[in-house]
Amino acid sequence: MRPKIIQKLIDQFVKFPTVGPRTAARFVFYLINLPEKETKDIAELISSLKENIKICPLCHKSFERNGDENLCPICSDKMRDKSTIAVVEKEIDLEAIEKTKKYKGLYFILGGTIPNIKDEQKKQDVRKRIEELIKRVKNDNKIKEIILALNPTTEGEITALLIEREIKKEKSLSENLDKIKITKLGKGLPVGGELEYADEQTLSSAFENRK
Ligand SMILES: [Zn+2]
């Protein structure tokens with residue numbers, strides 16, 4: 001029998017993306033063997049994360065708290081092109097796109113895709129985000145184009161279709177939705193792959209060749 005505290009920590013790590021029970025156990029044994037100061041530093045960093053990080057209410061990107069600034073550095077940047085909004089699954093995809101330095105528009109993080117998560121709650125969360133996206137586009141007539149920059153996986157494609165369908169449904173109700181252009185990334189991204197693993201050149205040309 002494992003000591004309870006070890007098991008408890010393993011149970012927490014298992015919830016992390018891509019971490020299975022064996023990796024989770026490795027993490028815990030790694031922590032046990034670290035000098036005490038290092039484990040304390042890690043624990044402090046984790047507990048200060050929420051205090052120091054804010055989630056942008058417009059795009060859902062995380063950013064370091066900066067006085068009273070409510071929006072993330074991308075949404076509050078006056079130089080960014082406010083007419084395009086790229087919809088991504090995860091913040092790490094946004095980072096991959098930012099690294100190419102080619103895209104100058106805004107973002108919207110969905111927080112996942114619809115079918116690949118069994119968790120009903122999570123599915124609801126993504127659906128809510130889609131509703132929120134549509135509301136944002138309805139109310140912001142500066143937005144002229146929505147780029148569905150989802151991963152080229154089956155789940156990504158199904159989610160993109162769902163977003164398109166929802167927008168079409170509401171089109172007649174909003175002048176801005178009616179005029180909006182919906183584009184998808186161009187070919188070249190490895191099918192079944194994820195944006196975060198695409199090289200900068202491939203990702204840049206997928207953006208340039210969107211249609
Ligand atoms: Zn933002």
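Mentor: What follows sets a few labels against their cut-offs, bearing in mind that this is a predicted model.

Trainee: Why is cysteine 56 called buried, and what makes cysteine 59 buried?

Mentor: Buried means under 20% relative accessible area; cysteine 56 has a relative accessible area of 1%, so it is buried, and cysteine 59, with a relative accessible area of 1%, is therefore buried. The structure holds zero disulfides.

Trainee: Which residues of H2 are buried, and what puts them on the same side?

Mentor: The buried residues are Ala24, Ala25, Val28 and Leu31. They cover an arc of only 120° around the axis, which puts them on the same side of H2. These buried residues pack against helix H1 (4–14) and helix H3 (36–52), whereas Arg22, Arg26 and Tyr30 are exposed on the other side of H2.

Trainee: Why does threonine 18 count as exposed, and why does histidine 60 count as buried?

Mentor: Threonine 18, in the loop between H1 and H2, has 82% relative accessibility, and because exposed means over 50%, it counts as exposed. Histidine 60, in the loop between strand S1 (53–55) and strand S2 (62–64), has 15%, which is under 20%, so it counts as buried.

How values were computed:
Residues are numbered from 1 along each chain as its sequence is written. This is a predicted model: local features need pLDDT of at least 70, side-chain atom pairs count only at pLDDT 80 or more; totals for chains, interfaces and linings use all residues. Side-chain values use heavy atoms; hydrogens and water are left out. A disulfide is a pair of cysteine sulfur atoms within 2.5 Å. Buried means under 20% relative accessible area, exposed over 50%, partly exposed in between (1.4 Å probe, protein chains only). Helices (H or I, at least four residues) and strands (E, at least two) are DSSP runs, numbered from the N terminus. The arc is that of the directions from the helix axis to the C-beta atoms. Contact means heavy atoms within 4.5 Å.
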